[in-house]
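Work through the exercises below with the model open. Each task is followed by a stepwise solution.

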Amino acid sequence: MPVYHSTFPYNAANDRLVGNFVIMPMNTQFRGPAYPANSDYDIIDECLDLFRANSFFKNFEIKTPSDRVLIYGILFINDCLSHLRSNTSYNDAIKSLTNLSLDDFTLPGTPGFPLNNVYQVPIGDHQQLELLKSYLTQFRQELSMRLIERIYSDPKLGVDQPQDKKANLPSKFWLAFTKRKFMNKSL
């Protein structure tokens with residue numbers, strides 16, 4: 001069974017590269033350098049959709065620069081799930097994952113990052129490093145909030161029916177993936 005790659009094409013004219021990490025468009029409520037996506041489906045949705053399927057793979061061949069964003073997103077989702085417990089309430093999950101997304105983190109390509117052989121960051125260009133850091137902060141915030149919405153949604157109620165998320169517990173079908181390590185790595 002093949003691994004699932006990103007479906008977003010890399011457009012050299014429109015997409016910005018920092019090293020070999022592409023700044024992808026996304027629909028977000030957080031401030032940052034990402035510009036809005038042209039459709040409702042963006043890289044965050046793709047990371048969430050492909051997380052469970054790709055979690056089973058130990059090897060991943062990078063075909064486009066957007067695959068590097070997908071890898072980072074999957075590793076961050078795994079990190080988010082490891083901070084949640086089966087009895088974590090909705091409000092506690094928001095606090096925990098907001099703190100996790102805003103915590104100090106290592107940038108791809110810098111010492112201490114687990115997949116430095118995959119990422120390159122321009123050395124000596126402070127503006128490019130700040131752009132990457134602010135983009136990844138925005139990416140992590142949006143990804144953690146959308147992950148919470150998926151984990152705490154109740155499939156029995158349907159998509160458009162209101163629900164009391166404060167009383168919900170996280171989905172065991174998502175938390176079961178805390179034991180899996182994508183590419184045997186974690187952030």
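**Exercise 1: a buried arginine and its partner**

Arg146 is buried, at a relative accessible area of 15% (buried is under 20%, exposed over 50%, partly exposed in between; 1.4 Å probe, protein chains only). This is a predicted model, where local features need pLDDT of at least 70, side-chain atom pairs count only at pLDDT 80 or more, and totals for chains, interfaces and linings use all residues. Residues are numbered from 1 along each chain as its sequence is written, and side-chain values use heavy atoms, with hydrogens and water left out.

Task: find the residue that forms a salt bridge with Arg146 at 2.7 Å.

Solution.
1. Apply the criterion: a side-chain nitrogen of Lys or Arg within 4 Å of a carboxyl oxygen of Asp or Glu.
2. The partner is Asp42; the closest N and O atoms are 2.7 Å apart.
3. Asp42 sits in the loop between β2 (21-23) and α1 (43-54), and Arg146 in helix α4 (residues 126-151), so the pair ties together parts 104 residues apart in sequence. Helices (H or I, at least four residues) and strands (E, at least two) are DSSP runs, numbered from the N terminus.
4. Check Asp42: its relative accessibility is 1%, which counts as buried.

**Exercise 2: the bridges of Arg150**

Task: which side chains meet Arg150 in a salt bridge at 4.0 Å and at 2.7 Å?

Solution.
1. At 4.0 Å, N to O, the partner is Asp45. Asp45 is in helix α1 and Arg150 in helix α4, 105 residues apart.
2. At 2.7 Å the partner is Asp49. Asp49 also belongs to helix α1, 101 residues from Arg150.
3. Asp45 is buried at 13%. Asp49 is partly exposed at 37%, and Arg150 is partly exposed at 30%.

**Exercise 3: the network**

Task: which residues are linked in a network of salt bridges?

Solution.
1. Start from the total: the structure holds 6 salt bridges.
2. The linked residues are Asp42, Asp45, Asp49, Glu142, Arg146 and Arg150.
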